[in-house]
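The following note sets out numbered points on the model shown below. It is intended for a reader who wishes to check each point against the coordinates.

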Amino acid sequence: MVRIISALVLPLFLAFFNVSAMADTVKLADNAPDSYTVVKGDTLWDISGRFLKQPWRWPEVWRMNREQIRNPHWIYPGQVIYLDRSGPYLSLEKPGSGTSGDGKLQPKVYAQDISPIGSVPMNLIEPFLTRPLVVGEGEQAGVPTIIATEEGRIYTGAGDTVFAKNVDPAVEDWQVYRRAEPIVDLETNKVLGYEAAYLGTAHVTAKGSPSTLQVTTAVASIGQGDRLVPAARPELVSLVPHAPQGKVDGRVVKVVDGLYSAGKYSVIAMSAGRSQNVEAGNVLALYRNRGQVVYDLEGKKEAYDLPEDRLGLVFVFRVFENISYGLIVESSTAVKLTDMVRQP
C-alpha cells in the first residue's frame with residue numbers, strides 16, 4: 001500500500017507551461033504568506049490554496065522543465081516553501097538568499113516513516129486505482145468466467161476453489177468482479193459502460209479447460225457467473241493537476257457510494273473520458289444549469305436563460321473510453337446527477 005501511494009504521489013507540481021507566458025494570469029490568494037512549512041497530513045492541493053486563488057495552477061509557478069517531469073522530486077514534511085512575488089514563483093529557496101542553487105528540489109534523506117505529501121488525500125482514491133471499474137459491452141464476449149464452485153456451493157470465499165473458462169494460461173493472478181448495472185447518461189440515455197463490482201482476487205492452481213483457481217481474497221461472496229480480469233498493477237503515473245487540452249462537455253452520471261448528491265472529497269463518475277481527450281490529472285469545473293425564467297410584465301412575457309452556477313472543481317484520477325472518475329476537491333454546494341463538467 002505504501003509503495004502504491006508513494007508512486008502515485010504528486011511530484012512537486014511540475015510545470016507543463018512556459019512560466020513567463022502564464023505567470024501574469026496566476027493570481028495570488030488574499031493574504032498569501034511569504035513562506036509555509038509543510039507538516040504531516042498536508043495535501044499539495046491545500047498547501048497551494050495558501051498561495052494561489054486557483055490551487056490547481058501551482059505547476060505554472062514552479063520553474064521546472066518537461067525533462068524533469070521524467071525524474072520527479074517529492075515534497076516532504078519539514079520542508080519550507082517560499083513565495084517570490086515578482087513572478088509569482090514558488091521555490092524551496094528564500095528569495096534574495098543569494099544561494100548558488102537554482103531553486104530546484106535536491107535529493108535528501110528522510111526517516112522511513114515520513115511519506116511524501118500527496119496532491120489530494122490518496123487514501124480516498126487508492127482503492128479505485130487498481131481495481132476494475134468499467135467494462136464495455138464489447139468486452140463481455142469471451143471474458144474469463146467462473147462456471148462452477150467446489151462441491152457445488154452457491155458462493156465461496158477466501159481459500160475456496162473455483163473453476164473458470166476462457167482463462168489465459170499465461171496469467172496466474174486475477175481479480176474477480178461482478179458486472180453491475182450499466183452507467184447511463186440520463187440526458188441522452190446512452191449506455192457509457194458497465195461498472196464492475198469488485199469481489200476479490202484468485203490465483204490459478206491448475207491450468208486447463210476449465211482452469212482451477214483458489215480465491216485468495218474476498219470482499220464479497222464469489223459465485224458462478226462472476227468474471228475475471230488480470231490483476232492490474234498500479235499505473236505509476238504522476239497526477240499533476242492541469243487543464244484538459246481541448247473542450248470537455250460532460251455530466252455527472254454516478255455518485256460513488258452515494259445516491260444522488262456528493263460533497264467535497266466524494267468520488268464521482270462523469271460522462272467524459274478518453275474520447276474527449278480527458279486524462280488523469282485533469283482538473284474540471286462543475287456547473288449547474290439554473291434553467292429559464294419567464295418574466296411577465298402586464299401581459300408581455302419575456303424568457304431569459306439564467307446564468308449557470310459554478311459549483312466547484314473535480315480532480316480526475318482514472319479514465320476510461322467514455323467515463324472518468326474524479327475526486328471533488330472544491331464544492332460550494334452538493335453536487336448532483338446531471339450537473340455538468342467542463343474545462344475550468
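1. Barrel. Six strands close into a barrel, in the order E13-E15-E20-E19-E16-E22, with antiparallel pairing. From one strand to the next, the twist averages 45°; axes here are lines fitted to C-alpha atoms, with angles running from 0 to 180 degrees between N-to-C directions. Strands are DSSP runs (E, at least two residues), helices likewise (H or I, at least four residues), both numbered from the N terminus. Two strands count as paired if DSSP finds at least two bridges between them.

2. Basis of the model. This is a predicted model, in which local features need pLDDT of at least 70 and side-chain atom pairs count only at pLDDT 80 or more, while totals for chains, interfaces and linings use all residues. Residues are numbered from 1 along each chain as its sequence is written, and side-chain values use heavy atoms, leaving out hydrogens and water.

3. Strands E15 (residues 267-270) and E20 (residues 324-331) run antiparallel and are joined by four bridges. In this pair, Ile268 stands opposite Gly326 of E20.

4. Chain totals. The protein chain contains five helices and 22 strands. Of its 344 residues, 45% are buried, that is, under 20% relative accessible area with a 1.4 Å probe, protein chains only. Contact denotes heavy atoms within 4.5 Å. Among contacts between residues at least 6 apart in sequence, 71% join residues at least 24 apart.

5. Nonpolar cores. A core is a set of buried Ala, Val, Leu, Ile, Met, Phe, Trp, Tyr and Cys residues joined through side-chain atoms within 4.5 Å. The largest has 28 residues, of which Trp45, Val120, Ile125, Phe317 and Tyr325 touch the most other members. Two or more residues each come from helix H5 (126-130), E15, strand E16 (283-288), strand E19 (309-319) and E20. A second, separate core of 18 residues includes Val255, Val278, Leu284 and Leu286.

6. Phe317. Beyond its neighbours within four places in sequence, Phe317 is in contact with several residues, including Ile125, Phe128, Leu129, Tyr325 and Gly326.

7. Ser211. Is Ser211 buried or exposed? Ser211 counts as buried because its relative accessibility is 2%. Ser211 lies in strand E10 (residues 211-218), and its side chain reaches the backbone oxygen of Gly208 at 2.9 Å. Leaving aside neighbours within four places in sequence, its contacts are Val162, Phe163, Ala164, Val167 and Ala206.

Note on methods. Buried means under 20% relative accessible area, exposed over 50%, partly exposed in between (1.4 Å probe, protein chains only). A polar contact is a pair of N or O atoms within 3.5 Å; within protein, one must be able to donate a hydrogen and the other to accept it, and residues adjacent in sequence count only if both atoms are side-chain atoms.
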